[in-house]
Amino acid sequence: MRKRRREAIEGYLFLAPALLIIGAFHVWPALYAFYMSLFRWEILQEGFVGLRNYGRLLEDGDFLRSLGITAVYVLGTVPLEMAAGLALALLLHQRLRLRGLFRLVYFLPYVTSQVAVALVWGWVFNPSYGVANGLLASVGAAPQRWLLEPNGIVAQNAPPSLALAAIMLVTVWYFVGFHAVVFLSGLTAIPAELTDAARIDGAAGLRLFRYITFPLISPTTYFLLLVATIGAMTSFNLVYVMGGGGQAFGCAGNPLGTTQVAALFVFDRFWCQTQLGYASAAAFALGLVVLAITVANGRLFSRRVVYVG
Amino acid sequence: MRGPALALVLTVLVAACGPAGTVAPAGTPGPEPAVTITFWHGQSGVLGDRLGELITKFNSTHKVQVSAQFQGTYDQLYQKVVSAIQAGSVPDMAMVSGPPQTAQYWKAKALTPVQQFVDSADGLTANQLADFVPALLDDNSLPVNGKKTLVSWPFSKSDALLYYNPDILQAAGVSVPKTWDELRAALNTVKSKTNATPLSYTPDVYYFFLPYLWSQGGNALSSDLTKAAFNSPEGQAALQYQVDLALSDRTVAITQGFDWQNPFAQGKVAFAVSTSVSRPFIEQAMPADKKFKVGMAPLPAGPKGAATDLFGNNLVVFANAPADHQRGAWIFMKWLTETDQTVAWSLASGYMPLRDSARNAPAFKAAADQDDRVLVALNALKGAHGIPGSPDWQKIQPVLGDAVTAALLGKSSVKDALATAEKKVNDILAGF
């Protein structure tokens with residue numbers, strides 16, 4: 001009995017550092033944000049408004065637009081980076097020469113600071129002296145305004161704007177290596193006897209992938225889908241820097257708000273417009289949306305996950 | 001890790017607001033307090049070094065000691081001050097990038113008005129005060145109980161100017177334009193007679209829209225700062241002018257941030273618009289074999305004369321600081337803007353001297369004799385406007401920025417852009 005108690009105390013002590021950090025930097029701020037969201041709060045706390053900030057969100061065209069932009073951003077990046085990551089992983093899983101080098105090269109963007117990456121790509125897309133327009137000019141195409149272009153690439157006034165599309169491209173480029181490496185570990189974990197047995201039964205190529213490989217890496221796929229979706233829904237750094245945060249006009253989400261994903265909306269209302277209560281409501285609402293989508297993801301896909309015992 | 005926006009935004013928050021502003025007693029001319037005051041500023045690089053030298057000089061000659069703490073860019077400085085006000089742990093004094101932020105701090109009851117120190121025994125006489133450029137005192141004043149009151153104190157001030165490349169102007173046979181119409185004509189001539197880009201600029205509310213609006217006699221907000229006033233014939237003219245240049249004449253290259261600077265420095269651009277402190281940056285970016293003398297002129301005039309806007313920063317004293325610290329902060333601020341120091345700071349930084357007497361100070365005169373461009377910004381001050389001192393300006397400015405961008409990209413007509421912006425701004429000012 002005594003021993004068990006001692007073990008329990010030891011266990012809690014081991015947990016304490018992590019709990020403290022999570023408590024201080026995640027749980028407490030989240031609770032405090034909810035508290036703030038119940039007030040009109042500019043620099044200082046003003047009157048209690050109950051849930052009125054949340055009601056305002058539902059009528060705020062800018063907030064709804066930011067959710068739409070976030071949806072486009074998630075749908076335009078997550079499937080692409082996962083598919084490309086899987087394709088790369090399959091290639092790198094072969095016995096290639098210089099396989100280690102390729103793995104390193106594809107993983108490299110992921111270990112680079114997002115801000116640095118965003119700044120470099122900002123130069124690439126610079127309309128006056130960027131490489132992107134240089135390439136267009138070399139094939140005789142008209143120069144583009146890239147990150148300054150609010151017009152949509154599909155329809156003029158529908159997301160994604162060219163600016164957002166450019167940011168999405170960079171996002172995919174940035175995360176593809178991460179997906180490839182995680183998929184690769186999933187591929188390595190497939191027991192050789194299963195693939196061998198399938199081969200003896202005559203499966204090869206696509207069929208082998210369809211019936212053996214893909215089902216067996218489904219835990220990895222599921223994990224990546226969750227992580228990537230949550231990450232994309234709360235994406236901030238790349239979009240903030242490439243979307244001209246800190247520019248003189250419009251605080252975050254230039255041009256004309258077409259790159260203002262939900263996290264940027266929160267940032268904009270919080271720091272640029274100093275509506276601390278309203279921004280907290282938006283942050284909290286965003287948290288709920290992310291939670292809902294994660295649960296939905298779980299409901300939809302977790303049953304299709306196959307674990308090899 | 002992708003940016004955890006929620007955590008990022010929220011971790012910065014700390015509990016509870018500070019107590020309401022305490023009013024320091026008007027100082028009797030007592031001995032200087034032996035206190036160390038903390039001063040948050042946003043002056044980096046060479047300017048930070050020069051400021052450090054000035055502070056060292058002050059510390060060696062005063063009982064008050066200043067501990068200067070660099071807080072990053074103006075945006076970061078603002079964010080830290082806002083967080084400090086939340087936490088009730090403000091410094092004694094800080095740099096503020098403009099009247100809207102001052103108005104926000106004031107609204108949050110975080111400041112002690114500088115007027116209180118100016119009127120105190122340590123203060124300034126009416127004559128001494130009259131030596132300061134009036135536009136600068138206006139820039140630092142807010143209406144308090146219906147009375148114009150100095151809430152902050154000027155320090156590093158610059159204004160928007162027209163930059164030009166004299167070689168290109170000569171090649172095109174145009175002289176420096178004095179009115180907006182002359183500028184438009186000059187741009188067209190440059191376009192037809194040379195290969196240069198006539199004008200390169202970042203469409204910003206400050207460099208073009210507001211000065212043009214003011215030069216027509218218009219205003220951004222009503223004088224009591226409660227209503228939008230820019231959707232007027234003057235405002236439409238101001239926006240139409242830029243649209244004409246960009247979409248009809250096609251004489252401008254629209255850039256992002258300071259991207260116009262390098263092409264201008266390389267001699268590829270005839271005109272640019274920026275603040276008076278841009279010159280050293282342009283000169284630094286010039287190729288060694290293709291140097292030219294950067295031309296600087298006041299912004300073109302409209303029917304109501306020339307107007308420009310004030311940039312740079314002011315100083316504030318926090319209400320939560322102990323009275324002797326506040327007094328120490330004022331003694332430092334006063335010293336910093338004495339003629340000798342304002343001239344030294346101006347010559348070191350490219351900001352403008354703040355006082356009329358600076359013009360006659362030997363060091364400044366010598367510099368002006370050598371290069372009369374140091375006078376251009378100073379002369380333009382006469383028509384300078386502060387950015388509207390509304391605590392809501394921070395919310396208003398992006399709305400105006402979007403109106404300008406939408407019109408310039410042809411996504412919205414001038415009329416629609418301004419009408420949309422007017423509605424949004426009025427909502428903001430109504431306290432929504």
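Me: What makes a residue of chain A count as buried, and what share of the chain is buried?
Reply: This is a predicted model, so every value is computed from it. A residue is buried if 20 or more other C-beta atoms lie within 10 Å of its own. By that test, 40% of the 309 residues in chain A are buried. In chain B, buried residues make up 52% of 432.

Me: Why is N151(A) called partly exposed?
Reply: Count its neighbours. N151(A) has 19 other C-beta atoms within 10 Å. Buried needs 20 or more, and exposed means 12 or fewer. The count of 19 falls in between, so N151(A) is partly exposed.

Me: Where does N151(A) sit, and what does it touch?
Reply: N151(A) is in the loop between α6 (131-138) and α7 (162-188) of chain A. Leaving out residues up to four places away in sequence, N151(A) touches Q156(A), S161(A) and L162(A). I212(A) is 61 residues from N151(A) in sequence and 44 Å from it in space, C-alpha to C-alpha.

Me: What else describes chain A as a whole?
Reply: Chain A has 13 helices and 2 strands. Its C-alpha atoms fill a box of roughly 80 × 70 × 30 Å along the principal axes. Of its contacts with a separation of 6 or more, 64% join residues 24 or more positions apart.

Me: How do you know whether chain B agrees with a compact globule?
Reply: For 432 residues, a compact globule would have one near 22 Å. Chain B has 22 Å, so the value agrees with the rule. The C-alpha trace of chain B spans about 70 × 55 × 50 Å along its principal axes. Chain B holds 19 helices and 15 strands. Among its contacts between residues at least 6 apart in sequence, 75% join residues at least 24 apart.

Me: Which domains make up chain B, and what makes up the side of domain 1 that touches domain 2?
Reply: Domain 1 of chain B is 33-157 + 311-385, and domain 2 is 159-309 + 389-429. Their centres, taken over C-alpha atoms, are 28 Å apart. At the contact, 20 residues of domain 1 of chain B meet 21 residues of domain 2. On the domain 1 side, α4 (99-107), α17 and β15 of chain B each supply at least two residues. The most come from α4(B), with 6 residues. By class, the residues on this side are 12 nonpolar, 6 polar and 2 charged.

Me: Which residues of α17(B) are buried, and what do they pack against?
Reply: In helix α17 (residues 373-380) of chain B, the buried residues are V374(B), A377(B), L378(B) and A380(B). They pack against β7 (153-164), β14 (308-318), α16 (362-370) and β15 (384-385) of chain B.

Note on methods: Residues are numbered from 1 along each chain as its sequence is written. Chains are lettered from A and ligands numbered from 1 in the order in which they are written. This is a predicted model: local features need pLDDT of at least 70, side-chain atom pairs count only at pLDDT 80 or more; totals for chains, interfaces and linings use all residues. Helices (H or I, at least four residues) and strands (E, at least two) are DSSP runs, numbered from the N terminus. Two residues are in contact if their C-beta atoms, placed from the backbone, lie within 7 Å. The radius of gyration is taken over C-alpha atoms; the globule rule is 2.2 Å times the number of residues to the power 0.38. Domain bounds come from an automatic or database domain assignment. Ala, Val, Leu, Ile, Met, Phe, Trp, Tyr, Cys and Pro count as nonpolar, Asp, Glu, Lys and Arg as charged, and the others, Gly among them, as polar.
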